[in-house]
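Please look over the sequence and the model first, then read the points below.

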Amino acid sequence: MTSPYATILAGLIRHRGVKGCLVVGETDGLLVDSTLQFGVNGQIFAALTASLFRKARRASQAAGLGDAAFVQLEAENGRVCAVGRGELVLVVVAEPRVNLGLVRVDMLKAVEALA
Amino acid sequence: MMGPDDIRVLSDALAADPGSLVFLQLGEALRRQGQLDLAWRVAMRGAERHPQRPDAHDLLARVAADRGDLDRARSAWESALALSPGHPAAQKGLGFLFFQQGLRADAERLLAAAQAADPADASLGAALAKIRAIGADPADADDAAQVRPMAPTPPRASVAIAPPSAQPRTTQAIAAPAPFAPAPADPRDVFAGVLPDETHAALFLDADGLVVAGRYKAADGRDVSADIGAQLSGVSDEASRAMRHLGLGAWTHLAVEAEQASVAMAPVGDGVVLVAAPRRVPLGFVRRMLDRAAERVKRWVESGT
């Protein structure tokens with residue numbers, strides 16, 4: 001069975017440097033759907049990125065900055081981007097060399113189709 | 001003064017109901033007993049939970065003053081007065097702090113307001129008399145150090161810690177943008193020149209989320225550095241945790257685009273530097289400001305200030 005998010009995920013995974021795309025429940029951190037390259041543990045990414053997004057969203061609200069729309073984290077060996085809508089979070093895991101601007105634009109478009 | 005049993009009762013009450021206002025009594029009791037680290041934690045958590053309560057910021061300021069963190073004390077008292085302009089304890093605390101820093105006009109204004117609210121407070125009368133006697137002669141600023149011993153009941157915060165500035169300053173002078181100097185007199189000015197205008201903000205936070213340098217002002221002019229720092233530092237903690245488990249190495253940049261602002265953070269030493277800009281500012285520009293702010297902080301830390 002094809003999930004309703006398959007088209008969204010297929011569009012994002014095509015970007016050079018993207019290693020995985022996930023749709024995750026923000027509250028429970030459970031994986032809803034994903035397209036992953038070999039070696040990416042979807043369950044762990046789902047849990048941790050949902051937690052990070054939730055924390056960013058709450059902190060942003062508590063700090064009076066409003067709701068967090070897009071969260072991007074860079075590390076030595078990769079990048080994680082997350083954008084939320086309703087109870088779902090769309091997550092992209094990528095290599096450092098990824099074109100972040102392009103991925104960001106596509107994620108903001110794709111998130112409209114979530115929920 | 002409260003004893004250990006009283007403090008235990010208050011601690012238990014706060015543990016049973018972390019959202020209660022018992023933290024005000026507990027924090028003050030700990031402060032008076034000299035348990036400043038504990039008092040600080042209680043006050044910080046209280047201010048985080050009750051950011052709209054001026055007495056929470058007042059408690060934070062008193063504990064900060066006792067810890068010798070006068071910048072933080074000032075920031076917290078300013079927050080208290082922004083929330084409640086006539087808050088007598090904050091007027092008194094900040095008034096004494098200003099006097100110690102040579103800001104006589106501001107000190108007189110605040111202490112006079114505090115005295116109007118509490119005419120029986122002899123410490124206020126004595127301090128005001130001293131300020132007025134000093135007049136406009138900057139050479140007399142050293143006399144400010146005598147204020148605290150004169151006061152039979154010192155302000156609830158013992159702010160007479162730092163020696164007065166040799167050069168009298170005004171709050172306006174402190175707030176004005178100034179070219180960056182390797183060792184700015186006010187840590188809040190560390191990012192001067194890095195940010196394009198006052199709609200942008202930068203903070204340097206320590207590992208506990210406490211503001212070390214920089215400032216963050218809300219649209220209404222309130223200094224919300226402490227609140228923003230405390231809230232957003234938790235995100236960097238979460239980022240560290242996530243990266244550790246995901247095997248992506250140490251995190252180097254974190255950006256949050258929120259409805260009102262874009263915030264970017266980067267680790268610097270044991271702390272975090274944070275830059276905020278209105279949402280209309282492109283994320284790439286925010287990122288470059290962050291890099292510049294991080295460089296500025298590194299130089300500032302290396303300069304030993």
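Which residue is the bridge partner of A:Gly20 in strand 2 of chain A? The partner of A:Gly20 is A:Leu36. This is a predicted model, in which local features need pLDDT of at least 70 and side-chain atom pairs count only at pLDDT 80 or more, while totals for chains, interfaces and linings use all residues. Residues are numbered from 1 along each chain as its sequence is written, and chains are lettered from A and ligands numbered from 1 in the order in which they are written.

**Confidence**

- The model scores ipTM 0.91 and pTM 0.56.
- Chain A has a mean pLDDT of 90, with 97% of its residues at 70 or more; pLDDT is the predictor's confidence in each residue, from 0 to 100.
- Helices (H or I, at least four residues) and strands (E, at least two) are DSSP runs, numbered from the N terminus.
- For chain B the mean pLDDT is 77, and 82% of its residues reach 70 or more.
- Residues 136-182 of chain B have a pLDDT below 50, and beyond near neighbours in sequence this stretch has 91 contacts in the model.
- Where pLDDT is low, the predicted coordinates should not be read in detail.

**The sheet across both chains**

- An open sheet is formed by 10 strands in the order 2(A)-1(A)-5(A)-4(A)-3(A)-3(B)-4(B)-5(B)-1(B)-2(B), with antiparallel pairing; two strands pair if DSSP finds at least two bridges between them.
- Strand 2 (31-36) of chain A and strand 2 (211-215) of chain B are the edge strands, each pairing on one side only.
- On average, neighbouring strands of this sheet are turned by 10° against each other, direction ignored.
- Strand 3 of chain A pairs with strand 3 (residues 251-258) of chain B in the antiparallel sense, over seven bridges.
- Opposite A:Gln72 stands B:Ala255, in strand 3 of chain B.
- Strand 1 (residues 201-205) and strand 2 of chain B run antiparallel and are joined by four bridges.
- B:Leu205 has B:Val211, in strand 2 of chain B, as its bridge partner.
- Helix 11 (residues 225-246) of chain B packs on the sheet, and among the strands that helix 11 touches are strand 3 of chain A and strand 4 (261-268) of chain B.
- The direction of helix 11 makes about 125° with that of strand 3 of chain B; such angles run from 0 to 180 degrees between N-to-C directions, and axes are lines fitted to C-alpha atoms, for helices over the stretch in contact.

**Strand 1 of chain A**

- Six of the eight residues of strand 1 (residues 18-25) of chain A are buried. A residue is buried if 20 or more other C-beta atoms lie within 10 Å of its own, exposed if 12 or fewer, and partly exposed in between, with C-beta atoms placed from the backbone.
- Strand 1 of chain A pairs with strand 5 of chain A over seven antiparallel bridges, and A:Gly25 stands opposite A:Leu88 in strand 5.
- Five bridges pair strand 1 of chain A with strand 2 of chain A, also in the antiparallel sense.
- The hairpin of strand 1 and strand 2 of chain A has five residues between the strands, and A:Gly29 takes a positive phi near 70° there.

**The contact between the chains**

- Chain A gives 27 residues to the contact and chain B gives 28 residues; two residues are in contact if their C-beta atoms, placed from the backbone, lie within 7 Å.
- On the side of chain A that touches chain B, helix 2 (42-62) and strand 3 (68-75) each supply at least two residues.
- Helix 2 of chain A gives the largest share of that side, 11 residues.

**Chain B**

- Chain B has 12 helices and five strands.
- Of the 305 residues in chain B, 46% are buried.
- Helix 5 (residues 70-83) and helix 6 (residues 88-100) of chain B pack at an angle of about 145°, with their axes 9 Å apart.
- B:Ala61 lies in helix 4 (residues 54-66) of chain B, and B:Ala61 counts as buried because 33 other C-beta atoms lie within 10 Å.
- B:Ala61 and B:Glu78 are 17 residues apart in sequence and 9.1 Å apart in space, C-alpha to C-alpha.
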